[in-house]
Amino acid sequence: MKYQLHLNRQQKLICLLYLFCVLFAGLIIGFSIRFDRDAGIGNNTGTDWKGYVSGGLEIAVLTEPKRGSRGTASLHSNVDHLYKANNLVIPDVIRKNNKLYDLVQIDSEAFYIEGSTNPYLTGSLTIGKNIKIIKERAFSQCYSLTGKLIINKNIEIERAAFALCCFQTLTISKNVIIQANAFANNLQLETIICDGWSSLPTTWEAGIFIVAKTYGHVKSINSTFSSTEILGFLQSHGLGSTWQAA
């Protein structure tokens, strides 16, 4: 009888140990899933960013993370401009020192090289969804950006931010504020897509394009207003009179 009682206690101990192992394994799996999810987030050197080729970037912390929320940070390139990327996608969130930050700003002259062009960024460029402001001349004179530029909603683009680039297609989501000369002298620009706009924007300043391709095209994927309306509006904001509605 005593042996049977002792055996039951042993069985209980084994059951408790088994339960502990199951809970511990669950924690490990949960941590692994979380780690895998975070693995796609950009880091402060850029090495796990989409389009990364070589080099590094600098991230400036704006606000530190608080419990239950991420911090915020801005992006600016290193002084020797050795960072190289093709079809770069700027991430929504970056990791620095094992902390997570929303990337909310691209600093003034982040990729601008004074007195020269920047050949290190090539192809297309996609701006992260958490970016709220692109400062003056951030990508000015990046001549090798010859693909498409995708700008998500609720962003302010300051003066000359993309001046003297060579994008062929520009996609602008709704509620984007554009200051004067923001896309000045984008000589290869052929197509402008106003994505998600329900009314013509009132926040675009005159001269945002200044000079564009002589026989460019502009189209809209909105059903609420026509490409002709978009064209007329853009022409009043600095596009040449030779542009056509697609």
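**Salt bridges and surface patches**

With a relative accessible area of 33%, Glu109 counts as partly exposed. In this predicted model, Glu109 forms a salt bridge with Arg137, with an N to O distance of 2.7 Å. Glu109 belongs to the loop between β7 and β8, and Arg137 to the loop between β9 and β10 (148–151), so this pair ties together parts of the chain that are 28 residues apart in sequence. Arg137 is likewise partly exposed, its relative accessible area being 30%.

The side chain of Lys135 meets that of Glu158 in a salt bridge of 3.3 Å, N to O. Glu158 is buried, because its relative accessible area of 11% falls under the 20% limit. Lys135, at 22%, counts as partly exposed. Salt bridges with shared partners also join Glu109, Glu136 and Arg137 into one network.

In total, the structure holds five salt bridges. One of them pairs Asp102 with Arg70, whose closest N and O atoms are 2.7 Å apart. Asp102 is part of strand β7 (residues 99–106), while Arg70 lies in the loop between β3 (57–63) and β4 (71–77); the pair therefore ties together parts that are 32 residues apart in sequence. Asp102 is buried at 18% relative accessible area, whereas Arg70 is partly exposed at 42%.

Lys129, Lys132, Lys153 and Lys174 gather in a surface patch of positive charge. Of these, Lys132 is placed in the loop between β8 (121–126) and β9 (133–134), and its relative accessibility of 47% makes it partly exposed. A nonpolar patch of about 230 Å² is made by Leu187, Ile210 and Val211.

Finally, helix α2 (residues 227–235) includes Glu229. Glu229 is partly exposed, its relative accessible area being 41%. The C-alpha atom of Glu229 is separated by 8.4 Å from that of Leu200, although the two residues are 29 residues apart along the chain.

Technical notes: Residues numbered from 1 in each chain as written. Predicted model: local features only at pLDDT ≥ 70, side-chain atom pairs only at ≥ 80, totals over all residues. Heavy atoms only, no water. Patch = residues over 30% accessible without salt bridge, like charges linked within 9 Å, V, L, I, M, F, W, Y side chains within 5 Å. Areas by Shrake-Rupley, 256 points an atom, 1.4 Å probe, with all protein chains shown as cover. Salt bridge = Lys/Arg side-chain N within 4 Å of Asp/Glu carboxyl O. Lys, Arg positive; Asp, Glu negative; His and termini not counted. Charge placed at Lys NZ, Arg CZ, Asp CG, Glu CD. Helix = DSSP H or I, 4+ residues; strand = E, 2+ residues; numbered from the N terminus. Buried < 20%, exposed > 50% of the residue type's maximum accessible area, 1.4 Å probe, protein only.
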